Amino acid sequence: MRKLLRSSPDEDVNGNISEYDLGMVLKETMLNLGPTFIKVGQSLSTRPDIIGSEITKALSGLHDQIPPFPRTLAMKIVEEELGSPVESFFSYVSEEPVAAASFGQVYRGSTHDGRIVALKVQRPNLYHVVVRDIYILRLGLGLLQKIAKRKSDLRLYADELGKGLVGELDYSIEAANASKFLDAHSSFSFMYAPKIFPDLSRKRVLTMEWVVGDSPTDLLSLSTSSTCSERQKLEAKRRLLDLVSKGIEASLVQLLETGLLHADPHPGNLRYISSGQIGFLDFGLLCQMEKKHRFAMLAAIVHIVNGDWASLMHSLIDMDVVKPGTNIRRITMELENSLGEVEFKDGIPDVKFSRVLGKILSVAIKNHFRMPPYFTLVLRSLASLEGLAVAADPNFKTFEAAYPYVVQKLLTENSAETRKILHLVVLNKQKEFRWERLALFLRVGSTRKTFNRVIASKNESSLDYLPNSFSGVFDTAYLVLRLLPSRDGIVLRKLLMTANGAALIRAMVSKEAIFVRQQLCRVIADVLYQWMTQTFGRGIMATQYSSQVRWTSEADNRELSPSSRLSVPVYDYQSIFRDRRLKVIFSRILDSARKDPALMLKFYWTAFAMVVTGSVRACHRVLVSLAKATLAPSSLLPRVAISA
């Protein structure tokens, strides 16, 4: 190898070759050895915990640098499998393959009824080549076992590899996998999988719907090209970042919802469709996760964001990553030393996912952690997507893109597993709220467009974003009040029932909760304003309330905090007061706090001050509305004035 790399500038003073150059030699060697070893190289390219990050970077080129085989051989295989000449099934098949992989290549074609299809053809004589190579690999591992004097049977690795590769040789299995993936994710509209044509598919030929879309690498090239206009580059960058965001969410959906993972999630198997969907290709292998591993992975993401390394260790044990009998305390200290320097911005790690992953992997390699297939697939997928995004936008953060989905799942899924994770995160051992974490959950969760579907009240149909203030600060009180009486607010209601009521009251009257009290004052003002307009003048309610923000004076807006300005649409707060469940929760909280008279006195005084403040603001709004009504156009003046 040193002879091949004599001209390499990356040798150190001792003549040692860099890991990346070694990886390049391995890549060329595997390309020469054929399909089986190319597959081995592709698998190794996803395992930096085994061979290091530099070698995996070099081997990643095996995904898109495979030489094709002649078209005449490909068409002969199609005829053998389908039993008739190609022309009897397809009106057109491209002269050159649009993509070449280790086990096959893809042509673009069209059927006689006008459907555009992707025709995937297996390499000739592949079955015998794979079986021969696996046998040779098995002999080599057996010899290595004797030389290294290993007790474990290394040939089992060749057996497991052969089992997977032989399964990939049957395209009817891939067709079934594609249909299974499509069915499992059909409810997620942003994900797209092509339909299979069973009548044009066989063991060595697979025909599926042609996916029209841009590959991530093409979008990245356009966004950085010097020959494109600024407008074209900005559009390519926007589409690439949208693909990455949806790719991250798709990874989380597979990981946390369906448990069915695409086993080869490299950029070559992704497409950005013009409708805004993310398309998946190549379903040779799927990975099915156990339910307990899905929830353990969910907990691990939350613990990383919260910097809770001790809890992260317990999640790694649940994921079967950490072996039984491992010194948990020592490894927890190693994780704290490696990840303790991670900085947080607005409660979320202000660091690239790949860096956090690298630190965890260094601890994993040192302590001989296991790496289950689903674990490496998800980590590889997220790291790959982040690499694409960072190339277009250096400020992109995977945690910021992924965490809102995690938060929404925890706040809305009413299962014992998610409630356990949520309670562990937002409650301490005394069942007291950790306010900073709960506030982070609510703030982060609000950034998802779909979150409003969850908290929309039963008499509202809008699915837009929750109202945000002009400064972008999220109105936590508004979210809580809408979520509590909703159908999916059961998680938050159970959380309040579980929490220490006296501690909840004590936190509400503390200095740290001043922003919550300010927002509650705004809510009180909204309620009183609605009551006043309904009582003294329905005309004002009908014509002026929907334009509060425009009619409110600058002085009033300056008086309120940014998140409390009058930017909230009409909401039926009376439904909150009528909800019996919330009355029970509130009564229970007060009952537990009545044992402390001093605390109750402070609570009543705080509540009185909030009501007075809200009343003043409501009266101010009414006066402003009346003044605006007086200055209204003459056509509206008589009706509004008489109503007032």
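Which residue of β6 stands opposite V121? The residue is V205.

## Basis of the model

The structure is a predicted model, in which local features need pLDDT of at least 70 and side-chain atom pairs count only at pLDDT 80 or more, while totals for chains, interfaces and linings use all residues. Residues are numbered from 1 along each chain as its sequence is written, and side-chain values use heavy atoms, with hydrogens and water left out.

Helices (H or I, at least four residues) and strands (E, at least two) are DSSP runs, numbered from the N terminus. Two strands pair if DSSP finds at least two bridges between them. Strand β4 covers residues 116-122 and pairs with β3 (residues 104-111) in the antiparallel sense over 7 bridges. Across this pairing, Y107 stands opposite L119 of β4. The hairpin of β3 and β4 has 4 residues between the strands, and G114 takes a positive phi near 90° there.

β4 also pairs with β6 (residues 205-209), again in the antiparallel sense, over 5 bridges. K120 has L206 of β6 as its bridge partner. Buried means under 20% relative accessible area, exposed over 50%, and partly exposed in between (1.4 Å probe, protein chains only). In β4, 6 of the 7 residues are buried, so the strand is mostly covered. β6 is largely enclosed by the rest of the structure, because 4 of its 5 residues are buried.

## Helix α17

Helix α17 spans residues 416-426, and its buried residues are T418, I421, L422, V425 and V426. They lie on the same side of α17 because they cover an arc of only 110° around the axis; the arc is that of the directions from the helix axis to the C-beta atoms. The face turned away from this buried side carries the exposed residues A416 and K420.

## Aromatic pairs

Rings of Phe, Tyr and Trp (its six-membered ring) pair if their centres lie within 6.5 Å; planes under 30 degrees apart count as stacked, over 60 as edge-to-face and the rest as tilted. The structure holds 4 aromatic pairs. One of them joins F181 and F283, a tilted pair with 5.2 Å centre to centre and 45° between the planes. This pair links distant parts of the chain, 102 residues apart: F181 is in helix α8 (residues 171-184), and F283 is in the loop between β9 (278-280) and β10 (286-288). F181 counts as buried at 2% relative accessibility, and F283 counts as buried at 0%. Ring pairs link F181, F280 and F283 into a cluster.

W605 and F608 form a tilted pair, because their ring centres are 5.8 Å apart and their planes are at 35°. These two residues are 3 apart in helix α29, so about one helical turn separates them. Both W605 and F608 are exposed.

## Nonpolar surface patch

Helix α29 (residues 597-630) contains W605, which has a relative accessible area of 59%. W605, F608, V612 and V616 form a nonpolar patch on the surface, with about 440 Å² of accessible area together. Accessible areas come from the Shrake-Rupley method with a 1.4 Å probe; for residues, only the protein chains shown count as cover. Patches are made of residues with over 30% relative accessible area and no salt bridge; like charges are joined within 9 Å, and nonpolar side chains (Val, Leu, Ile, Met, Phe, Trp, Tyr) within 5 Å. A salt bridge is a side-chain nitrogen of Lys or Arg within 4 Å of a carboxyl oxygen of Asp or Glu.
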